[in-house]
Amino acid sequence: MYSYKRIGSKYIVSIDNHEEIVEALTAFCNEKRIMSGSIIGIGAINRLTLRFFNPKTKAYEDKTFCEQMEISSLIGNISTEDEKAYLHLHITAGRSDYSALTGHLLAAILNGAGEFVVEDYRESIERAYNPELGLHCYNLKKGDL
């Protein structure tokens with residue numbers, strides 16, 4: 001599913017062609033017990049499902065695109081919920097006409113390279129559901145240093 005090399009607190013991760021990115025990165029974080037951190041990446045995909053959060057309905061609206069695209073930017077954070085890795089990822093993908101799709105990443109299938117850097121903050125950051133917002137948010141204490 002992936003190969004990797006550790007350099008200090010960072011991992012260079014290469015996800016195998018035709019794998020689903022979110023699934024592979026989540027499996028990697030769970031395997032390495034990464035409880036908080038950040039992710040950046042680039043690559044090529046041929047299937048992309050984006051999510052857009054509607055604050056009025058407190059629900060996500062999903063849309064899938066099936067075409068060859070370049071990941072110009074994938075960025076996100078890692079935390080935990082119920083002791084499992086929780087990835088919050090956003091993506092910008094370039095189309096063949098040089099327009100871009102962007103939003104919250106639900107799923108994407110690699111069709112070419114998939115190169116990512118995962119930084120492990122080496123501490124746990126938990127998420128909890130916030131019913132007022134309708135989102136899973138960081139569960140931090142004010143003034144926690």
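Two strands pair if DSSP finds at least two bridges between them. The strands themselves are DSSP runs of E, at least two residues long, and the helices are runs of H or I, at least four residues long, both numbered from the N terminus. With that in hand, strand β5, residues 69-81, pairs with β6 in the antiparallel sense over eleven bridges.

Before I go on, some ground rules. This is a predicted model, where local features need pLDDT of at least 70, side-chain atom pairs count only at pLDDT 80 or more, and totals for chains, interfaces and linings use all residues. Residues are numbered from 1 along each chain as its sequence is written, and side-chain values use heavy atoms, with hydrogens and water left out.

Back to β5 and β6. Ile 75 stands opposite His 90 in β6. The two strands form a hairpin with two residues between them. Asp 82 sits in that turn, with a positive phi of about 55 degrees. Glu 83 is also in the loop between β5 and β6. Glu 83 is not a glycine, yet its phi is positive, about 65 degrees. Is Glu 83 buried or exposed? Exposed, with a relative accessible area of 58%. The cut-offs are these: buried is under 20% relative accessible area, exposed is over 50%, and partly exposed is in between, with a 1.4 Å probe and protein chains only.

Now the other neighbour of that strand. β6 and β7 pair in the antiparallel sense over five bridges. His 90 comes up again: it stands opposite His 104 in β7. The β6-β7 hairpin has five residues between its strands. Tyr 98 in that turn has a positive phi of about 70 degrees. Further on, Arg 122 is in the loop between β7 and β8, with β8 at 127-130. Arg 122 is not a glycine either, and has a positive phi of about 65 degrees.

Next, the largest pocket. A word on how it is found. On a 1 Å grid over the protein atoms alone, a pocket is an open set of points with protein on both sides within 12 Å along at least five of seven lines, and lining residues have an atom within 4 Å of a point. The volume is the space filled by probe spheres set on the points, which are joined across faces, edges and corners. Here that volume is about 360 Å³.

How many residues line the largest pocket? The count is 18. Nearest its centre lie Tyr 60, Tyr 86, Leu 87, His 88 and His 104. At least two lining residues each come from α1 (21-32), β3 (37-54), β6 (84-94), β7 (100-120) and β9 (135-138). Which of them gives the most? That is β6, with five residues. By type, the lining has ten nonpolar, six polar and two charged residues.

Ser 36 and Tyr 86 are 50 residues apart in sequence and 8.8 Å apart in space, C-alpha to C-alpha. Ser 36 is in the loop between α1 and β3. At 1% relative accessibility, Ser 36 is buried.

On to β3 itself. Thr 49 is in this strand. Thr 49 is buried, at 10% relative accessible area. Its side chain makes a polar contact with the side chain of Thr 64, at 2.8 Å. A polar contact is a pair of N or O atoms within 3.5 Å; within protein, one must be able to donate a hydrogen and the other to accept it, and residues adjacent in sequence count only if both atoms are side-chain atoms.

β1, residues 2-7, pairs with β2 in the antiparallel sense over six bridges. Tyr 2 has Ile 15 as its bridge partner in β2. Two residues separate the strands of this hairpin, and Gly 8 in the turn has a positive phi of about 60 degrees.

Last, the cysteines. How many disulfides does the structure hold? Zero, taking a disulfide as a pair of cysteine sulfur atoms within 2.5 Å. For Cys 29, the nearest cysteine sulfur is that of Cys 137, 19 Å away. Cys 29 is buried, with a relative accessible area of 1%.

How values were computed. 1 Å grid on protein atoms, 1.4 Å probe; cavity = no way out; pocket = protein on both sides within 12 Å on 5 of 7 lines; lining within 4 Å. Nonpolar A, V, L, I, M, F, W, Y, C, P; charged D, E, K, R; others polar.
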